Amino acid sequence: MSQTTGTGREETQEERADRQWSELLQELRVAQTGVQILFGFLLAVVFQSRFEDLGDVDRDIYVVTVMLGSATAATLIGPVSYHRLLTGRRMKPETVIWASRMTVLGLVLLFCTMCSALLLILRVALHDATALWLVGGMALWFLACWFVFPLWAIAKGRSGPRESDPDTA
């Protein structure tokens, strides 16, 4: 039995969860690909001959960056595992909610990973404090593109509840 969910769609809770899961998978594919490529490059850095020339601060930044990259990969791949382990248990709406939360956390971790990687690269390339200013500027741009612009759109658009909120079903 279909029902209107307050979103202008005629769909059941299960149909909505299926649609949301499909949309989330598309978003995850984009993020996961970028994270996997970045993480692969990070893992290869330690085996380069110039790695020995890095100072202690740059090595520390590298270790933090690799750990952030690992956490990011785990968090953005996590929804796949979550879905696989819960498939067939009639928990699709809950799966979508938790996978969505993991994805947002993964984006925050990706933000940190990107800033850390940029800091390492620009410190090695520039050898001065300009690197911090450039990373700070790029961090603001990432924040604007990934979080401020979407939140601004929410503020300017409808201010109704999210369709994934349990109260809208």
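Which hand does the crossing of α1 and α2 have, left or right? The model I am reading is predicted.

**Entry 1. Overview**

I counted the elements first. The protein chain has four helices and zero strands. From the N terminus on, I read them as α-α-α-α. Of its 169 residues, 32% count as buried. I also looked up the sequence spacing of contacts. Among contacts between residues at least 6 apart in sequence, 68% join residues at least 24 apart.

**Entry 2. Helix α1**

I checked the length of α1, which covers residues 13–45. Its 33 residues at 1.5 Å each should span 48 Å, and its end C-alpha atoms are 47 Å apart, so the two values agree.

Next I listed its buried residues. Among them are Arg16, Arg19, Trp21, Leu24, Leu28, Gln32, Val35, Leu38 and Leu42. An α-helix has 3.6 residues a turn, so residues three or four places apart point the same way. Which helices do the buried residues of α1 pack against? They pack against α2 (56–86) and α3 (92–126).

**Entry 3. α1 with α2**

Back to my opening question: the crossing of α1 and α2 is left-handed.

I then went through the contact. On the α1 side I found Trp21, Leu28, Ala31, Val35, Phe39 and Leu42, among others. On the α2 side, the list includes Tyr62, Val66, Gly69, Ala73, Leu76, Ile77, Pro79 and His83. How many charged residues are in the contact of α1 with α2? I found no charged residues there, against 15 nonpolar and seven polar.

**Entry 4. α1 with α3**

I repeated the look-up for α3. The axes of α1 and α3 come within 10 Å and cross at roughly 20 degrees. Angles under 35 degrees count as roughly parallel, and α1 and α3 are therefore roughly parallel to each other. Their crossing is left-handed.

The contact includes Gln13, Glu14, Ala17, Asp18, Trp21, Leu24 and Leu28 of α1. From α3 it takes in Lys92, Val96, Ala99, Thr103, Leu110 and Met114, among others. By class, I have twelve nonpolar, six polar and three charged residues for the contact of α1 with α3.

**Entry 5. Thr103**

I stopped at Thr103, which lies in helix α3. Is Thr103 buried or exposed? Its relative accessibility is 8%, so Thr103 counts as buried. Not counting residues up to four places away in sequence, Thr103 touches Leu24, Leu28, Leu76 and Pro79. Leu76 and Pro79 are on the α2 side of the contact with α1.

**Entry 6. Leu86**

Leu86 is in helix α2. Its relative accessibility is 18%, so I put it down as buried; the cut-off is under 20%. Leaving aside neighbours within four places in sequence, Leu86 is in contact with Met91 and Thr95.

**Entry 7. His127**

Last, a backbone check. Most residues other than glycine have a negative phi. His127 is not a glycine, yet its phi is positive, at about 60 degrees. Where is the place of His127? I found it in the loop between α3 and α4 (130–156). His127 has a relative accessible area of 67%, so I logged His127 as exposed.

How values were computed
Residues numbered from 1 in each chain as written. Predicted model: local features only at pLDDT ≥ 70, side-chain atom pairs only at ≥ 80, totals over all residues. Heavy atoms only, no water. Helix = DSSP H or I, 4+ residues; strand = E, 2+ residues; numbered from the N terminus. Expected span 1.5 Å × (residues − 1). Buried < 20%, exposed > 50% of the residue type's maximum accessible area, 1.4 Å probe, protein only. Contact = heavy atoms within 4.5 Å. Axes fitted to C-alpha atoms, helices over the stretch in contact; angles between N-to-C directions. Parallel < 35°, antiparallel > 145°, perpendicular 65-115°, else oblique. Left-handed = near helix turned anticlockwise from the far one by under 90°. Nonpolar A, V, L, I, M, F, W, Y, C, P; charged D, E, K, R; others polar.
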